[in-house]
Structure formats: C-alpha cells, structure tokens
Amino acid sequence: MAYKDLKITRLELLMVKPRFMFLKMHTNQDIVGYGEPILEGQTHAVAGAVRAMENYLLGKDPRQIEHHWQALYKGSFYRGGPILTSALSGIEQALWDILGKSLGVPVYQLLGGAVRDRIRIYAHAHGADKEQLCKRARELVDMGFNLLKTGFEAPVAFVENQQFLRNCVERFAALREEVGPEVDLALDFHGRFSPTMSKRLIKELEPLYPYFVEEPCLPGNTAALVELKNSTTVPLATGERIFTKWGFRDLIEQRAVDILQPDLCHAGGIMEVKKISAMAEASDLAVAPHNPLGPISLAACLQLDACTLNAVAQEQVTLGDGYLVKPFEMQNSYIELPTEPGLGIELDEEKVRALEYDGNWETPRVIDQRDGSVAEW
Ligand SMILES: [Mg+2]
C-alpha cells in the first residue's frame, strides 16, 4: 500500500482575512491536508476546539476518516453545537484531502464518482438602494452569473407596516426588471422576519418568481416552517445554522423546506453533508451547500456537489483569487469539476501569509434605532 505508516504529526492553524481560518494538517510523509475549521465571529473558540481534538489525532493514520469523526464527535461525551462541529468539519476536510492525495484521486471519486460535468454556482448581489443593487446585479450578470442571491436590510421588527413591505417588494421588482426572467433570483431573509411577516412578504413576492427564499424565519422552529411552506409555492431553504444529520432529521422528516443548506464547515464536514444529502434525497428534497467562506470551503463543497445528484446550486464568495495558486474559473455560472487529487487545490502560501490577522472578526450587532432593541442581523 502506498503511504505505509502515514501518520498525522501537526495541526497548523492560519487566521486569514477577512474572517477565515485555514487548517494545514501535516503528516510524517510528503502530504499535507487542508481544511477550513471556522465559525464566523468565533475564530478563537474554534481554534481552541481544534487544539483539543489535536491531542487525539496526533500519531493516527489520517485515512480512517469515519472512525476519527465518530471518535471526535462522540468520544468526549458532550457533542454537537456550532463550535465543536465547525472544528470537526475542518479537520474532516483535511483528512479527505490527505486520503485523496494518498490515492491520487479527487475526493468525489471516493464518494461514488462524478454525477455531473460541471457545478452551478451563484453570487451575492447587494446594494444600499435599488439603483446600487441593480448596478451590482448587472455587473454579475455581465460576468456570466445566471443565479444571484439578494436580501433585505436589517432591522426587521416582529410586525412591520405596509410601507416596509412595499419597499421590499419594489426593491425585488426593480431587480427582476433589471435582469429579466432568465436570471434566477434567490432571496435570503436571514432569519430576520417573524413567521407571520415572512408569510405576508413571500405572498407579495410570489409573482416575481423568487428562485428560493432562504431562512424565511429563524431555524429551530419546524412547525413555523411547515406552516410557511404550506402557504406558498416558492421553494423554501434553510440549514446554515443546523449541524449534523441529527440536526437535520426533523426538518427532512417533516419536509419543512425544499432545499437544505448545510455548511460543510459547520455541519460536520464532507461525509456528514453527503449523509444529510442522502437523507434529503429519500424525501425528494434538494441541497445547496451554504458557503460564505474561503477557498478551502468552496473546494470541499465542489467535491460534494460533484458526486451528489440533489445538490442543485453552490454558494461562493471567493473563487480563490489571492488564496490559491490556481483559483477556480467560472464560466456561464458553472465551475468545471476539479481534477486534481484530494480537494484539488494548492494554497498560495505567500499570499495567504500576507492575509494573516489576529482572528478578531465580530459578527455585526444590529440595533433597531426606532426603539433601541436588538434585532436579527
Ligand atoms: Mg443565509
């Protein structure tokens, strides 16, 4: 067997701007594995969790991925939650990177092989006002994107008035008018709306054909999601703040949304999201992996998308410019399947080192200036 006695020797963490953390897993041979263990705004907490897991991993063969996952997830008695599963997710990605490299194949070849030739990706379109939003959307469409995601600004109160809703609808209508019917427009409500306000707004937006509505209300309230889903024909999506197959089970069993959005850096890693996708497939639901993170996260997502039929769209915020020796290339909203071994990427060490920072990125806190209360971001 190639790479006999392969062992993990060191876990190196790099905190990288704007809010990423990269893991470089070293071995006793000429292979390193990359992962992205991060929870936005909690870099140091996740780094601490990775350090605690390092004690178990040192000296182990990195290719026993499932076994190490179970040991790290279950072995410390207390389990789950965003910090621990984010640490575990990044570690798991690095283990897959090493396994793929040790065998000379992309990770998706080890998870069933490719089910498609290329992967559809989407970009975020934001703007302080309608004009800026439309300008940005036009730029993205001119670059080749045919699926965009946008949202509405915080704060949103538990009940909002007619003018507020009218502004939201006008904003989305202007965007639809700008890009026409051939560009798909998804909406992220970001968990800002109460279930009732969400129901009202989705009804108003329905004629403008949103591709999907993400986090129409906060996660964790399956009954509210089911009620919303029964009130509209717009596909609903959620999942970025839900972790592991156990976390997704209830949503899937109740068919509370149409599209699940597990994050490969939070939900437990590549294999865990593969399992969640299989659970979703059995209920005729789709997945669209959440990824507002860095290039290693995107690389892990693409490996999953490559071998998962119900993975319908891939979020991304960086194609790797400034991070990777060879950034990903997008053409007509698609990325071709990666062909290099493992996760298929090589970090540009010099550029990444230049982006190192102290890890202190703070999640914005939104205060509703109308009454001084805290609102959802
Ligand atoms: Mg979101």
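These are my notebook entries on a predicted model.

**Ground rules.** I number residues from 1 along each chain as its sequence is written. Since the model is predicted, local features need pLDDT of at least 70, side-chain atom pairs count only at pLDDT 80 or more, and totals for chains, interfaces and linings use all residues.

**Overall build.** I looked up the secondary structure first. The protein has 11 helices and 14 strands. Both are DSSP runs, numbered from the N terminus: helices are H or I with at least four residues, strands are E with at least two. Next I checked the extent. The C-alpha trace spans about 65 × 45 × 45 Å along its principal axes. The radius of gyration is 21 Å, which agrees with the value near 21 Å for a compact globule of 377 residues. That radius is taken over C-alpha atoms, and the globule rule is 2.2 Å times the number of residues to the power 0.38.

I then looked up burial. A residue is buried if 20 or more other C-beta atoms lie within 10 Å of its own, exposed if 12 or fewer, and partly exposed in between, with C-beta atoms placed from the backbone. Buried residues make up 44% of the 377. For contacts, I used C-beta atoms, placed from the backbone, within 7 Å. Among contacts between residues at least 6 apart in sequence, 70% join residues at least 24 apart.

**The sheet.** I followed an open sheet of 3 strands, in the order β1-β2-β3, with antiparallel pairing. Strands β1 (8-16) and β3 (32-35) stand at the edges with a single partner strand each, so one side of each has no neighbour in the sheet. The twist averages 20 degrees from one strand to the next. Pairing takes at least two DSSP bridges between two strands. Strand β2 (residues 20-27) and β3 have 4 bridges, in the antiparallel sense. In one of them, H26 has V32 of β3 as its bridge partner. Helix α3 packs on this sheet and touches β2 and β3, its direction making about 145 degrees with that of β3. For such angles, axes are lines fitted to C-alpha atoms, for helices over the stretch in contact, and values run from 0 to 180 degrees between N-to-C directions.

**Helix α3.** I checked its length next. α3 has 22 residues and reaches 32 Å from first C-alpha to last, close to the 32 Å expected at 1.5 Å a residue. The expected span is 1.5 Å times one less than the number of residues. Of those 22 residues, 19 are buried. G104 follows α3, with a positive phi near 75 degrees.

**The core.** Which residues touch the most other members of the largest nonpolar core? They are F22, L23, V50, I259 and L260, in a core of 104 residues. Helix α3 (residues 82-103) gives the largest share, 9 residues. Such a core is a set of buried Ala, Val, Leu, Ile, Met, Phe, Trp, Tyr and Cys residues joined through C-beta atoms within 7 Å.

**Two residues compared.** Is A286 buried or exposed? A286 counts as buried because it has 21 C-beta neighbours inside 10 Å. It lies in strand β10 (residues 286-287). Beyond four places in sequence, A286 is in contact with D258, I259, A280, N310 and V312. I also looked up N360, in the loop between α11 (349-354) and β13 (366-368). N360 counts as exposed, with 10 C-beta neighbours inside 10 Å.

Notes:
Contact = placed C-beta atoms within 7 Å.
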